[in-house]
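Let's take a walk through this structure together. Keep the model open beside the text, and look up each place as we come to it.

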Amino acid sequence: MVYEAALVRAGHVVDSVFTARDALATFDANRHDVILLDMMLPDGNGRDVLAQIKQISRRTEVIVITSNTSIDVAVDAMRLGAFDFLVKPFDEHRLTSAVSAARAAQNVPASNSGAVDVPDGFIGDSAPMQQVYQTVRLVARSSASVFITGESGTGKEVCANALHTLSNRAQRPFIPLNCGAIPAHLLESEVFGHLKGSFTGAIADKEGAATAADGGTLFLDEICEMDLALQTKLLRFIQSSTVQPVGATRARRVDVRIVCATNRDPAAEVAAGRFREDLYYRLHVVPIHLPPLRERGEDVNQI
């Protein structure tokens, strides 16, 4: 099995089973710190297996595996206590990073707070914003890409910052980059960096935002302003988890969570041919929509 081989190479001891029945029969809370659970099993529902495992052992962290068409299933699983989710297809690096993060989280004291309180930076407690807060807290500790939409001024960078602050990456960098504020011919260098002399004006080596965010979060604001050629390179970066600065001959592996945002309708941008469909599906794993103030009722009085 490909997943098992990758985890063994990373130094983990692995038991593999292929059915819900065998999973529950084999599970040992004293032996199994982390469970990788496919939500589509031949003899049952992964959701039911998750619920039973968490009943037996709250300490055991469960990482669910789902397809890109079943994101709602994955988010529901996180409500039941799953630690993270992996969207097929994913590479070995993403797999081993998720497992390492789950093991590290077992040494962090759990919060006793059951209320969905307001994350730092946000204002308001209207029903639409409570839904936003709940989603932010559910997916923050995941490494899944988040796509934030909303009109200008709705707090998209505040939301991205909250996702980072509440995540296991909080002690690592949060690097924001506004794709709409940088000329198109300079944006590649800002994202991936460049080597001295690689183009006119490159008087020194420059570290790009993707490298600066290693271990943390890269926030790409106004992502729909990025031209198609750079979108292709961004897709390659997401697929390979490697950065190759302009002028470099070798790529460097980085561990970055991507959060992006736009004030446009990204699906409409795809339909119009201005945004790559394959990139959209890699980034639009967890969507969060921030409502404008006019739709937030009593929050108007708090601004």
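A handy term to begin with is burial: a residue is called buried when its relative accessible area is under 20%, exposed when that area is over 50%, and partly exposed in between, using a 1.4 Å probe and protein chains only. What you see is a predicted model, in which local features need pLDDT of at least 70 and side-chain atom pairs count only at pLDDT 80 or more, while totals for chains, interfaces and linings use all residues. Residues are numbered from 1 along each chain as its sequence is written, and side-chain values use heavy atoms, with hydrogens and water left out.

Phe174 counts as buried at 16% relative accessibility, and Phe219 counts as buried at 0%. Rings of Phe, Tyr and Trp (its six-membered ring) pair if their centres lie within 6.5 Å; planes under 30 degrees apart count as stacked, over 60 as edge-to-face and the rest as tilted. A search of the whole structure finds six aromatic pairs. In one of them, the ring centres of Phe174 and Phe219 are 6.2 Å apart and the planes are at 20°, so this pair is stacked. Phe174 belongs to strand β7 (residues 174-178) and Phe219 to strand β10 (residues 217-221), so the pair ties together parts that are 45 residues apart in sequence. Helices (H or I, at least four residues) and strands (E, at least two) are DSSP runs, numbered from the N terminus.

Which way do the rings of Tyr280 and Tyr281 pair, stacked or edge-to-face? Their centres are 5.2 Å apart and their planes are at 70°, so the pair is edge-to-face. Tyr280 counts as buried at 11% relative accessibility, whereas Tyr281, at 41%, counts as partly exposed. Together with Phe147, Tyr280 and Tyr281 form one aromatic cluster.

Side chains of opposite charge can pair when their charged atoms come close. A salt bridge here is a side-chain nitrogen of Lys or Arg within 4 Å of a carboxyl oxygen of Asp or Glu. How many salt bridges does a search of the whole structure find? The search finds 16. Among them is the one between the side chains of Arg47 and Asp76, at 2.5 Å from N to O. This pair links distant parts of the chain, with Arg47 in helix α3 and Asp76 in helix α4 (residues 71-79), 29 residues apart. Arg47 counts as partly exposed at 35% relative accessibility, and Asp76 is partly exposed too, with a relative accessible area of 22%.

Another salt bridge joins the side chains of Glu190 and Lys206, at 3.8 Å from N to O. Glu190 sits in helix α8 (residues 184-192) and Lys206 in strand β9 (residues 206-207), so the pair ties together parts that are 16 residues apart in sequence. Further along, the side chains of Glu269 and Arg274 meet in a salt bridge of 2.9 Å, N to O. Glu269 is buried, with a relative accessible area of 6%, while Arg274 is partly exposed, with 44%. Both take part in a network of salt bridges that links Glu225, Arg264, Glu269 and Arg274.

Now for some details of the backbone. Most residues other than glycine have a negative phi, and most peptide bonds are trans. Lys88 and Pro89, however, are joined by a cis peptide bond, with omega about -5°. You will find Pro89 in the loop between β5 (84-87) and α5. Glu222 is not a glycine, and its phi is positive, near 50°. Glu222 lies in the loop between β10 and α10 (228-240) and is buried, with a relative accessible area of 12%. Ser241, also not a glycine, has a positive phi of about 55°. Ser241 is found in the loop between α10 and β11 (242-243), and Ser241 is buried, with a relative accessible area of 13%.
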